[in-house]
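Biologist: I would like to learn how to read a structure with two chains. Can you take me through it, feature by feature?

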Amino acid sequence: MIIKLIKFSDFRQFYGEHEIDFGIGNKNTTLIIGANGNGKTGIFRALMFVLYGDTLLDQDNDAADINIINLDKLDENKNSPVKSKVELIFEYNNENYLIKREIVGIKSGNKTKTKKTEPELYIIETQGELSPYTKEPVQLFINRILDPKIREFFFFDAERMQLLDTTKSKKSLSEEIQEGITRLLQIKYLQEAINELDKLKRNKQREINKQVNSKDIDDKSREKEELQDKVKEYEGALEILRREKRDIDTEISAIQIELSKNNEIKELQDKITDKRIILNKNKENRGLHKEKISEKLKEGIQLLGKDILLKNEQNFRDYLDKSSDNIPLALLEQSVDQDSCALCKADVKKGSVQYFSIKKLIDNYKSSELTPIINDILTTSSNLGPRVIPYKRDVEKLLKELAANQNDIYETQLAIETLEEQIKEYASNVDNLTILEKQLKDFEKDSKDYSEKISINESQIQLRNDKIESIDKEIEELTSKFVKVKKDNALKQYLDDFKTILEDTMKEYSYTITLELSDEIYDTFMNLLDKKDSINYKEVTINDKFEIKLMNRIDQNVIQDLSMGQSQIFTLAFILSLAKLASKGRNEINFPLFMDTPFARLSRENRNNLIKNIPSLTNQWILLLSDTEFTSNEKELFEKYNQVGKLYLLNNYEGRTTIEAYNKLSELDLEGY
Amino acid sequence: MKMEDTMKLQSDIINLIKEKTPQYSDTLISYIQDIEDNRVSNSNANERLMSNIERMVLEENRGEASDN
């Protein structure tokens, strides 16, 4: 479809008659520039009105506020009908058409009543004459050219259009995307054809069964129907399970992304845990050190007296010399008992002189209480000497170890405090982190449960489908024996074969086309995105439910993390890719890309990429730009790529908009606009 | 209806169908086009298909009869 010319009269801000030519061919870009309120969206409305009879756009909140008919004209003609008209000339399938639509209004007092007329469609013949198009209702024809359910993809209101509009529910988002893909790629119609063939086949089988009138066949047919009902039940349940699992998996992805953002907190927490383990160990060691030192000190008490002992050692020795109990009583008694001297080993036989001398010493033995003590002191004193230095060394070592341990404890405590300070910066997230981790665990468990239930359902369905297949074969065998149904059996066989062919076709086609679409979306997105952003993304994937994911380098789906501008570009990439693949072998699919305020949310580099690439990706590119979107940068780029076929400026004076055409970009000067 | 008036199928679909059933690809392609075409009801599309299939069955039977 190529739009060539739009004319409108007394439509919205446009008092009187106006028209806009659109760029085509290798100058397929049309620029319509105007400040806010000057009527850019009015042109968009005119297109929607003439093609679909829309008087409202999605952005309109209150129907009562939207006046299609020019207000000044209504005021000038109070109580008389005023007509607002839009005409569009377009080309479709090598034929030129004119469509017109009107709305008539009468203003009475403060109220205006309006009525739309039926659209008129004409074929524009070679010489320019108009022939009414009568083959079918006009709206049917227009809907066939561009299905209303997917027109939003091509009439792109950038303020509103986001494929990933988070204000929409997930269900309606995925339904919209699925609708777009399955309609444009014709998967929907393949499926419809398969369903119809299935119905035809069943009907044919029922006819055959009636003709044959066999109880066996009737019984088997009944059994089959019961199984089919059961399969439908399971399929219904399966659909719900799959949907719920998808929702859970989406939550899981979202939490994982959130958690990965909080990895820093987790790392800090792990570090703190490690440090605390070290701290506890150090404290344990400190306890052990203290015990060792305590033991050592007990040992050392003796050494405290060493100097005193040394000083008095001679006095003690002198005392012992003087005392008569130098020889211990025990030795004297031992000498007598063992018949030999305990000291020199000389014989001390009983009755000998030596015997009686020793006995006399024993009898007269008077021990000094001091002697054993002094002996002990002297022994201790002599033992202490060699022990001093090693003892000092031991004590020093223990003290050093204790000091080092204490230092470790101090440093570990300091490290923990520092980490805790860092965590305080993420204070609010710490609690969330714990909650998220718990939620993730719960969701993962739920997802696993759902997988199991889905698997059970699938196997129940498979079991029954296998049984149904086997019953079908039995029925066929039974019926094939009846000659009168031979022809019907042959017809049924064709239907069966066609159904199988289309099922195989759909399976292969869906698989390959969604792969191609994923690649095409990714390539286009990369071309339109800022270079610095494009390195983050690895691929686009579309699953068999037509859910789109944008994967980053670490295999996370980050589609919900795109900024508004990036999301808009992603939507564009999706639309352009879809149209490109859908148009293989079908030129009529190439719709104009009509964009209302496309640049508002985009960076300079994004805008540049769009201006450079879009003219080659679409049949026609029609841009409604605000004055702030059309800076000298954009002007230079449009001049550079030389794709602008038509250029208009909308001026508004006292509420009325006029359209000023320019031949060249260089003529357009927005200074003081 | 002129060929240009009918809904065209994406070329990958056409190629796949031709590959799988060179003999009956036209019948199948026309059927899908009818299904997609909102001017043609599904029941009309089915009628057209069934009359094509009946013709095929008749031709087959004629062929078998002449062989006999």
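Modeller: We start with the ground rules, then go through the interface, the cores and the backbone.

Modeller: This is a predicted model: local features need pLDDT of at least 70, side-chain atom pairs count only at pLDDT 80 or more, and totals for chains, interfaces and linings use all residues. Residues are numbered from 1 along each chain as its sequence is written, chains are lettered from A and ligands numbered from 1 in the order written, and side-chain values use heavy atoms, with hydrogens and water left out.

Biologist: How many residues does the contact take from chain A and from chain B?

Modeller: Contact means heavy atoms within 4.5 Å. Chain A brings 39 residues and chain B brings 34 residues.

Biologist: What is the area buried between chain A and chain B?

Modeller: Interface size is often given as the accessible area lost when the parts come together. Buried area is that loss, taken with a 1.4 Å probe and summed over both parts. Here the figure is about 3400 Å², and carbon and sulfur atoms give 63% of it. R144(A), Y494(A) and F498(A) supply 20% of the area that chain A buries against chain B, more than any other three residues.

Biologist: Which residue forms a salt bridge with K20(B)?

Modeller: A salt bridge puts a side-chain nitrogen of Lys or Arg within 4 Å of a carboxyl oxygen of Asp or Glu. The count between chain A and chain B is two. E508(A) pairs with K20(B), and their closest N and O atoms are 2.5 Å apart. Helices here are DSSP runs (H or I, at least four residues), numbered from the N terminus. α13(A) gives the most to the side of chain A that touches chain B, with 15 residues.

Biologist: Which residues touch the most other members of the largest nonpolar core?

Modeller: In soluble globular proteins, nonpolar side chains tend to be buried together. A nonpolar core is a set of buried Ala, Val, Leu, Ile, Met, Phe, Trp, Tyr and Cys residues joined through side-chain atoms within 4.5 Å. Buried means under 20% relative accessible area, exposed over 50%, partly exposed in between (1.4 Å probe, protein chains only). The largest core has 138 residues, and those touching the most other members include F90(A), L185(A) and F498(A). α13(A) gives the most to this core, with 15 residues. L185(A) touches residues including Y509(A), I513(A) and I13(B).

Biologist: Is Q186(A) buried or exposed?

Modeller: Q186(A) counts as buried because its relative accessibility is 1%. Its phi is near 70 degrees, a positive value in a residue other than glycine. Q186(A) sits in the loop between α4 (170-184) and α5 of chain A.

Methods:
Buried area = accessible area lost by both parts, 1.4 Å probe. Helix = DSSP H or I, 4+ residues; strand = E, 2+ residues; numbered from the N terminus. Lists of a residue's contacts leave out its neighbours within four places in sequence.
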